[in-house]
Amino acid sequence: MSSFDLSEILGNPEYVSMLLLGIEMTFIVAVGSWVLAMTLALLLLGLRYAPGPVGNAFVTAYVSYHRNVPTLVQLMLWYFGIFTLMPDGLTFWLNDHNAEAIFAVIGLGLCQAAYFSEDLRSGMRAVSPGQMEAARALGHGYVSAMRYVMLPQGVRNALPALINHSVSLFKNSSLAVAIGVAELTYAVKEIENLSFRTFESYLLVTVLYLVFSLMIMAGGAYIAWKADPVRSGRA
Amino acid sequence: MISDIIAIIRDYWLLLLIGQYPNGPIGGLAATLMLSVLAIAFAFPVSIAFALARLSKSPFLNWPVTALVYFTRGVPLLMLILWGYFLVPLVTGANVPSFLTMLVTLVVYQGAFLSEVVRGGIVALGHGQMEAARALGHSYLGAMRFVILPQALYNVIPSIISVFVATIKDTTLGYVINVPDLTFAASQINNQLLTQPFQVFFILAAVYYVICWSLSQVAVLTERRITRKRAGTAPLPTAKSLKLAALTDQPS
């Protein structure tokens, strides 16, 4: 084998298109599960604040399960386990629509929702209760006080943790390879098998992951900076 | 369904516990726990070295470690494992068992994450401690060793336990390079049974849950204890009380 040569991968249109498809699938899985996770996290947060002990107990159990079972095992349970228990019609439909990717989105999204909802909860807890009282005293209803006073501050407090967990969600999308999703990690294995350029293919994909992660971190930091009324000069 | 689960546990408990041990490498839950304990044991000194390097003013110590921490945080663990899978044999020139590859990768990965925890603990202490220790004649390293680290590490014990839980969960990724751990044992059982994948992976999830949940509870309890101690509501052992305890605990 000759020395280091990236052009053999980047100059080959077949490998480049595999790489691009991998990037596309990684982003489909990551963005899909992020949206699912954030939606669920807000629902879980609502359940936490719902009156009565049932909602709180449910969310505690949900968070406890998803935090204490490895993500890979959760993906396997979904794809190898729960998938087989589903009715035939649904199984056929899922198989026609890239079942691996759908279960990767479900598995990662459900798991990350637990982390997001805890981030949001601790962000909300850091808002002093006086804020709610003041908003109510000014004539806001409960929902309107939540919407205009509590949530903006709570979400702002939670931003650093949310950004961290968004990066780890992006990184965890690589686990989808274990249930056969053709994402970036899958692409690098394919390219490596075909080109025998082990070092170069792994280097390329590692750099891609690193760049995307750093971009998410930087984007998050920018949003956090924008959201801070003091530093962005709005207060 | 429950009877299926009980039947699987009855038939395969040994495989789940120690893998194929007498006839092969030690595996199953034993391998998972060994891997986690060894990884955290090696990652701990590494993390202290990393944290000190990142706090040092020398760019030769600071920059490479900062770059390494950012790199580790930005790349999926799975990628690092696959790197180790072909780099460790290349460096050592030998056929390296996947267990060792996984161990090395976990030490680097968790070492980087743990170093942030340790650094946080040191920064949270405040400058006064270091200044006081230096004023009393300690060298920088002496002050670290005898004044700063004992306090900082004590304060971050709950976070260290959380990293330990994360390590246990991360060992599952060894599945990709065939580390014979608990996940591997479960997928072996699944391959033999073929008809009960849900039951097999349910057992797997349940076992991980029990282990990780118990450890996170330890973290919660220690956190409470440390908070109480810092608030001064937990009785601290004094020289007098220790002496009294020693006197009253005499075997009769």
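Author: **Salt bridges and their setting**

E116(B) and R119(B) stand three residues apart in helix α5 of chain B, so about one helical turn separates them. Helices here are DSSP runs of H or I with at least four residues, strands are runs of E with at least two, and both are numbered from the N terminus. The model is predicted, so local features need pLDDT of at least 70 and side-chain atom pairs count only at pLDDT 80 or more, while totals for chains, interfaces and linings use all residues. Residues are numbered from 1 along each chain as its sequence is written, chains are lettered from A and ligands numbered from 1 in the order in which they are written, and side-chain values use heavy atoms, with hydrogens and water left out.

The side chains of E116(B) and R119(B) form a salt bridge, at 3.3 Å from N to O. The term denotes a side-chain nitrogen of Lys or Arg within 4 Å of a carboxyl oxygen of Asp or Glu. Side chains of opposite charge can pair when their charged atoms come close. E116(B) is partly exposed, with a relative accessible area of 22%, and R119(B) is partly exposed at 25%. On this scale, buried means under 20% relative accessible area, exposed means over 50%, and partly exposed lies in between (1.4 Å probe, protein chains only).

E116(B) also meets R54(B) in a salt bridge, at 2.7 Å from N to O. R54(B) belongs to helix α2 (residues 28–55) of chain B and E116(B) to helix α5 of chain B, so this pair ties together parts that are 62 residues apart in sequence. R54(B) counts as buried, at 14% relative accessibility. A network of salt bridges links R54(B), R73(B), E116(B) and R119(B).

E118(A) is buried at 13% relative accessibility, whereas R121(A) is partly exposed at 23%. Over all chains, the structure holds eight salt bridges.

The interface may now be considered. Between chain B and chain A the count of salt bridges is zero. The rule does find eight residue pairs in polar contact across this interface, both residues being at pLDDT 80 or more. A polar contact is a pair of N or O atoms within 3.5 Å; within protein, one must be able to donate a hydrogen and the other to accept it, and residues adjacent in sequence count only if both atoms are side-chain atoms. On the side of chain B that touches chain A, α10(B) gives the most, with eleven residues. By class, that side has 26 nonpolar, five polar and two charged residues. Here Ala, Val, Leu, Ile, Met, Phe, Trp, Tyr, Cys and Pro count as nonpolar, Asp, Glu, Lys and Arg as charged, and the others, Gly among them, as polar.

In total, 33 residues of chain B are in contact (heavy atoms within 4.5 Å) with 37 residues of chain A. The area buried between the two chains is about 3,000 Å², of which carbon and sulfur atoms give 78%; buried area is the accessible area (1.4 Å probe) that two parts lose on being put together, summed over both.
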